[in-house]
Each structure stands twice: as C-alpha cells, then as structure tokens.
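This report describes selected helix, strand and chain contacts in one structure. The sequence and the model follow.

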Amino acid sequence: MLSESIWILPALPALGALANGLIGAGWREKGIAAVAVGSVGLALAAALALLVQMLSLPAGDRAFSVTLWRWLSDGALHVHVGFVLDSLAMVMVMVVLFVGFLIHLYSADYMKGEPGYRRYFVCLNLFVFFMLVLVLADNLVVTFVGWEGVGLCSYLLIGFWHEKKSACDAGRKAFVVNRIGDFGFLLGILMAAVTFGTVNYGDLARLLATGPAVSEGAVAAIALLLFMGAMGKSAQFPLHVWLPDAMEGPTPVSALIHAATMVNAGVYLMCRIAPFLEKAPAVLPVIAVVGLVTALYASFCALGQRDIKRVLAYSTVSQIGYMFVALGCGLWAAGMFHLLTHGIFKGLLFLAAGAVIHALDGEQDLGRMGGLLRDLPAVSVTFMAGLLALTGIFPLSGFVSKDAILWGGFERYGTLFWVAAFGGALMTALYSGKLFSAFLGRRRFEGHPHRPGPLIVMPLATLAVFSLLAGIPGLPLFTADTFFARFLGIPAAQAAPDAAAHTLEVVLTVLQSLAVIAVLAGAIRLFTKERRPAESAVLASGFGIDRFCELLLVRPLKACARFFAVIIDPRLIDGAVNGIGSLSLALGRISAGLQTGQLRHYAVSLIAGAFTLIAITVCLAGGL
Amino acid sequence: MSLEHVVGLGIVLFAIGAAGFFLRSNTVVLLLCIEVMLNAVNLILAGFSRYLHGAEGQVYIFMIMTVAAAEAAVGLAIIVALYRLLKTLDMSRINFLKG
C-alpha cells in the first residue's frame with residue numbers, strides 16, 4: 001500500500017548517502033552526482049505520488065501514518081519511531097524535496113572539481129534524510145532526532161572548506177548558538193512528557209482538546225520552551241547571529257539549508273504544536289513580537305551588507321521573522337504559505353547568487369558587481385524575478401503570502417504593529433533595490449564573466465517559474481480561507497466577513513503595493529548611480545551584536561574558563577588529588593622509621609606487646 | 001619444693017634469657033638465650049603439670065623441645081650462612097631489613 005510506505009521518503013536519501021559514503025570512494029564525479037541526485041529525485045517522485053493520493057482523499061483524513069518500531073519504553077512513557085504525513089508535513093516535504101532536488105542538480109555542476117565532491121554529496125543527502133525525519137516524525141523525540149541531525153549536517157557543510165579558519169569558526173558558532181535553542185527544545189520535550197505522559201503529536205492534541213485539565217501556565221511554558229528551540233534553529237533575534245556567518249559554506253548549501261529548509265524548521269515545529277498555542281494564546285504575542293523585531297532588525301542589517309550572500313542571509317532572517325509574525329497572529333496557513341513561497345524564491349536567489357559568484361571568479365562584493373544583465377542574462381533575469389517575489393510585487397508569490405501576514409498583524413495587534421511590519425516590508429524593497437544594482441547600471445567587474453552551464457540555469461529557470469506559480473495556492477486574495485488553508489484543513493472563520501474591514505484590507509494592500517514599488521524604484525535609482533551610498537558600519541555589523549556578545553558573553557566565559565584552568569584545576573582539583581598521595585607518602589615515611597632492622601628492637605616490641613595483651617586480658621577478667 | 005619455687009625459678013630463668021636477648025649482640029649467644037627462655041617455659045609447664053596432676057603440661061614440654069631442637073638446627077645453619085656472607089656475627093650490624 002502506497003500510504004504505508006512513507007518511510008521510503010527518508011530512506012531514499014539515506015541510501016544515497018550510504019552508497020556514496022561507503023562504497024563511492026573510487027567513483028567518478030558523475031557517478032556520485034547521479035546517485036545523490038537520483039535518490040532525491042526518486043524521493044520527490046514518491047512524494048508526488050503521495051500528494052496525488054492525498055488530494056484524492058476527503059479533507060478530513062488526509063494523513064498517512066506508519067509506526068516502524070518501539071524505541072524507548074519506560075513505565076508510562078512510550079516513544080515509537082513513527083512517521084505521519086499529513087497535509088502540513090506534505091507542504092514541508094514538497095519544499096524540501098522539490099527545492100532540494102533542484103539544488104542537488106545545481107550542485108552537481110556547481111561543485112565540479114572540488115576535492116570534497118563526494119563528502120559534499122554525502123552530507124547533502126544526509127541532510128535531506130534528517131530533514132525528512134524531522135518533518136515526518138509523529139512525535140517530539142523523533143523530531144528532535146531530525147532536528148539535531150540537520151544541525152549536524154549544517155555544521156559539516158558550513159565548515160565544508162575546513163582549511164579556512166573562518167569557515168570552521170562559522171560552523172562552530174552555528175552549532176553553539178543552536179545548542180542554546182536546543183536546550184529549550186529538550187526541556188520542552190521533557191516537560192511535555194512529564195505533563196502529558198506522551199510525546200506523540202496526535203495524542204498531545206487529543207489530550208489538550210479533551211483530556212484532563214492541565215493548567216494554562218504549563219501549556220504556555222511548554223510552548224515557550226519549544227519556541228526557544230525554534231528561535232535557535234530559525235535564527236530569530238537574538239539567536240540569529242549564526243546565520244549570516246553560515247554563509248561561509250558553499251552557496252547551494254546556503255540555498256538549501258540556510259534559506260529553503262532547515263531554518264524554516266522552527267516555523268514548522270510551531271505549526272506542529274499549534275494545539276498548544278491555541279490552548280495558551282498568551283504565547284502568541286511573544287512569538288509575534290519576536291518575529292516582528294527580527295523582521296525589522298534583520299532588514300536593516302541586510303541594507304548594511306556588502307557581501308551579496310550576507311544580504312540574502314539577513315533577508316532570510318527577516319522573512320522568517322515574518323513567518324513567526326504570521327504564527328503569532330494565529331495564522332498557521334499564512335505562516336506555512338510564506339514558508340513555501342520563501343523557500344522557493346530564496347532558494348532561487350541563493351542559487352542565482354551562487355551562479356553570479358561563480359561567473360565572477362568568486363567575487364562576492366556587491367560594490368564590484370554591476371550591469372551583469374548584459375553578461376549573464378539568464379541568471380540576472382531569474383535573480384530579479386526572485387527579488388520581485390521577495391519584495392512582494394504583484395503578481396509574484398511573495399505578494400500573496402506577505403500581504404496575508406501584514407493584514408493579519410493589522411487585524412490582531414492594531415495599527416502600530418502593522419506600521420512596524422510594513423516598515424520591514426519597505427526595508428525589504430530598499431535592500432532588494434541594492435541587489436538589483438548588481439544587474440543594472442554600468443559594469444563594475446574587470447574581467448570576463450563566464451556564463452553558467454545548463455545544469456545551473458535549468459534549476460534557476462524552474463524556480464523562477466515557480467516563484468510566480470507558487471502564489472496560486474494563496475488565492476483567493478483578501479481572505480483567510482485560501483486554497484492553501486483548505487488543503488491544510490484549517491477551518492475558515494465562522495464570523496461573517498465584515499464588509500468595511502474587507503474594503504480597508506483591499507485599500508491597504510493597494511497602498512502597500514504602491515509604496516513598496518515606489519521605494520523599490522527609488523532604491524534601484526539610488527544604487528545604480530555612479531556613486532553608491534556607502535554602507536553604514538552600524539548596520540554592517542548588525543548593530544554590533546557580535547561585539548556585544550563578545551563583550552557580554554564570550555569574554556566573561558573565557559575569563560571564567562581561564563580562572564578555572566589556572567586557579568581551580570591545578571590548585572584545588574590537582575591539589576586534592578596530589579595531596580592524598582603525598583599524605584599517604586608522609587604517613588608511610590613516618591611509620592617506616594619504626595622498622596629499624598635491629599633485632600632487639602623487634603624483640604622488645606614483641607615482648608612489650610605480649611605483656612600488654614596479658615595485662616589487658618587480666619584487667620578485663622577483673623583480676624587486678 | 002612448692003609451686004612458687006618452680007614458677008619463681010622459671011620466671012628468673014625467662015628474665016635472664018630475655019635480658020640476654022636484649023643486651024647481647026653475638027648471634028650464637030642470642031640463640032642460647034632463646035633456648036634459656038624456652039626451657040624456662042618448659043620448667044613452668046612441668047611445675048604446673050605436677051601441681052595439677054595432669055599430663056597436658058608434659059605433652060606441651062615435648063612439643064616445645066621438638067620445636068626447640070628444630071629451631072636450633074635451622075638457627076645454627078642460618079648463623080653459619082650469615083657468617084659466610086658477612087664475616088660477622090654482631091647482630092647490631094646486621095640490620096638490612098628496614099623501611
């Protein structure tokens with residue numbers, strides 16, 4: 001039965017990784033790429049077949065589940081390794097496999113001639129495996145396994161060029177910052193297990209809906225702890241610091257892991273535990289505010305970057321912020337939909353940026369890019385399509401998804417919230433204009449850019465088309481009851497649509513669009529001028545958050561470590577251990593003095609001992 | 001000849017043997033002192049055996065005499081070997097077994 005075999009989705013990339021990793025040592029690059037791309041391609045085909053089958057089912061029971069084996073069992077708590085593919089997971093699976101497949105294809109050409117070609121594809125396949133485990137898991141613990149697995153692959157791939165110190169540092173930073181979030185995640189899992197006695201999503205939802213009453217505070221605490229994990233993985237302020245540095249990895253990795261899939265895992269997790277958030281609505285404003293702060297902050301930082309990949313990285317942070325804003329407004333569908341469209345157009349932007357960097361012999365500085373449209377027409381056109389989608393220009397997909405979020409924020413949290421969110425959208429237009437300047441205006445690159453091959457252009461073109469098409473599920477406009485929401489099985493609001501609010505929404509949307517277009521046009525003009533505005537140092541350093549962390553966390557920690565290494569360890573710990581040794585030595589030396597070697601001394605002690613024993617015995621017997 | 005005389009003589013003999021053992025340093029003399037002490041004990045055992053009209057004390061005397069004979073044989077052999085090795089029988093200079 002097809003629906004029973006959803007385990008095949010993660011199994012295929014795992015097989016690919018195993019084949020390449022264990023027996024691929026002598027294979028040529030083409031063979032390695034064929035295995036890697038083929039395994040993800042097959043998984044994509046299987047996922048499409050499952051999607052077709054899912055669409056044929058009624059909206060109520062669109063879920064395939066399979067329990068593979070029992071993993072842990074301790075009294076009341078049982079953890080099974082089980083997968084569930086419902087409509088929410090399906091969205092994520094499609095993003096992971098579709099974008100992942102195109103990125104594998106692109107990498108086959110992009111990474112050609114790299115010494116670590118096989119290692120790269122093993123890690124990439126392994127990443128897809130863990131990502132699918134994360135997505136398909138039917139309980140928190142298995143999700144956590146996938147969660148850590150993708151973190152591991154992210155670490156390995158950020159540090160892919162491990163002979164570069166900055167790459168190793170960036171990988172380590174990503175790992176350490178994620179640990180902070182994962183700490184919260186793990187606590188959340190434990191608390192859920194203690195409170196509810198289960199970690200299975202279905203059981204948890206059932207218990208929350210009908211089970212014995214649990215205090216709202218406990219539910220909120222679990223949700224907040226899990227949100228902490230999501231903040232780490234999804235690079236939300238202030239745990240976002242690892243993502244810009246993660247751009248040290250190869251560009252397709254940035255596209256796959258740090259734009260389209262892994263960093264969205266936090267959003268997905270929040271949707272998975274939506275029953276918690278619905279039970280404890282007090283958590284929602286926290287999520288919304290964190291998302292909004294991140295969205296605004298990162299969009300400012302993006303403007304200050306010179307490195308094309310760092311602009312995109314901050315842009316990713318900012319867009320994920322918008323997804324959390326959507327979740328914070330209780331709009332799961334809008335959040336997941338922005339995840340979908342963002343995955344496509346940000347994947348496209350990163351891949352196109354990679355193509356640009358390759359064409360310019362590794363140049364990443366925006367200040368030395370200009371007029372690339374004439375040299376690299378295909379890449380430039382697709383990049384600009386991605387930018388328009390990112391900015392949210394009608395009718396590209398970004399427009400559909402972002403509009404829903406802005407309106408949701410306005411409706412739930414009022415004008416001020418909307419102003420801030422909209423400000424972020426205008427900033428998006430501003431830094432997009434800066435990216436546009438790489439393709440318009442005069443040439444700034446000395447040398448001759450070489451055009452990319454078909455394996456690179458084809459994924460770009462596909463993604464560009466989809467960044468237009470991906471808006472379709474978000475239709476019809478101006479309602480929460482979109483095709484996408486229906487696919488997710490989220491019931492439409494019962495309240496009759498308010499005509500006045502509806503008019504306001506339409507007017508706002510039109511005004512927003514006009515403002516965004518105006519800002520974008522102005523930004524393009526500004527940045528294509530002969531003398532571009534210089535980057536502000538404050539923005540470039542992300543308002544000095546790295547320095548702040550250095551001063552507030554790294555230095556005290558290092559000082560603390562030094563204190564323990566220099567004072568506590570050699571004096572206290574070693575002192576105690578060595579002290580016991582020298583004490584027994586000294587005692588031994590003292591008692592060794594009793595042994596003189598003189599026979600008569602021994603004889604005296606013998607006799608004295610005998611007399612003492614006799615005296616004691618006599619005394620005890622009461623004789624004297 | 002009462003029990004007190006016998007035990008008193010035994011104690012005196014034992015004290016002489018013990019004092020000799022503590023004060024002299026010639027190894028052969030030390031062996032003699034051990035014999036004196038053992039025989040002091042034998043004497044006391046014999047005295048008590050007679051006083052109590054029992055045979056156990058006399059049995060012990062024979063066992064002690066056997067052990068003393070064996071001890072004298074082994075001890076003299078050790079003394080000979082010791083002398084060959086060290087060319088001395090002065091016990092105060094034979095003090096190699098110490099910590």
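In this predicted model, the axes of helix α15 (residues 332-359) of chain A and helix α17 (residues 377-391) of chain A come within 9 Å and cross at roughly 145°. Axes are lines fitted to C-alpha atoms, for helices over the stretch in contact, and angles run from 0 to 180 degrees between N-to-C directions. Helices (H or I, at least four residues) and strands (E, at least two) are DSSP runs, numbered from the N terminus. The crossing of α15(A) and α17(A) is left-handed, meaning that the near helix is turned anticlockwise from the far one by less than a right angle.

The residues that make this contact are tabulated here; two residues are in contact if their C-beta atoms, placed from the backbone, lie within 7 Å.

| Helix | Contact residues |
|---|---|
| α15(A), residues 332-359 | A:T341, A:F345, A:L348, A:L349, A:A352, A:A355, A:V356 |
| α17(A), residues 377-391 | A:V379, A:T382, A:F383, A:G386, A:L387, A:A389, A:L390 |

By class, eleven of these residues are nonpolar, three are polar and none is charged. Here Ala, Val, Leu, Ile, Met, Phe, Trp, Tyr, Cys and Pro count as nonpolar, Asp, Glu, Lys and Arg as charged, and the others, Gly among them, as polar.

Buried in α22(A) are A:E505, A:Q512, A:V516, A:L520, A:A523, A:I524 and A:F527; a buried residue has 20 or more other C-beta atoms within 10 Å of its own. The 30 residues of α22 (residues 499-528) should span 44 Å at 1.5 Å a residue, and the end C-alpha atoms are 43 Å apart, which agrees. The expected span is 1.5 Å times one less than the number of residues.

A:P459 lies in helix α20 (residues 454-469) of chain A. A:P459 counts as buried because 28 C-beta neighbours lie inside 10 Å. Beyond its neighbours within four places in sequence, A:P459 touches A:L102, A:I103, A:L105, A:Y106 and A:L351.

Strands β1 (residues 63-74) and β2 (residues 77-86) of chain A pair in the antiparallel sense over ten bridges, where pairing requires at least two DSSP bridges. A:T67 has A:G82 in β2(A) as its bridge partner. The two strands form a hairpin with two residues between them, and A:G75 in the turn has a positive phi of about 60°.

Between chains, the contact takes ten residues from chain B and ten residues from chain A. The chain B side has six nonpolar, three polar and one charged.

Residues are numbered from 1 along each chain as its sequence is written, and chains are lettered from A and ligands numbered from 1 in the order in which they are written. Because the model is predicted, local features need pLDDT of at least 70 and side-chain atom pairs count only at pLDDT 80 or more, while totals for chains, interfaces and linings use all residues.

How values were computed. A residue is buried if 20 or more other C-beta atoms lie within 10 Å of its own, exposed if 12 or fewer, and partly exposed in between; C-beta atoms are placed from the backbone.
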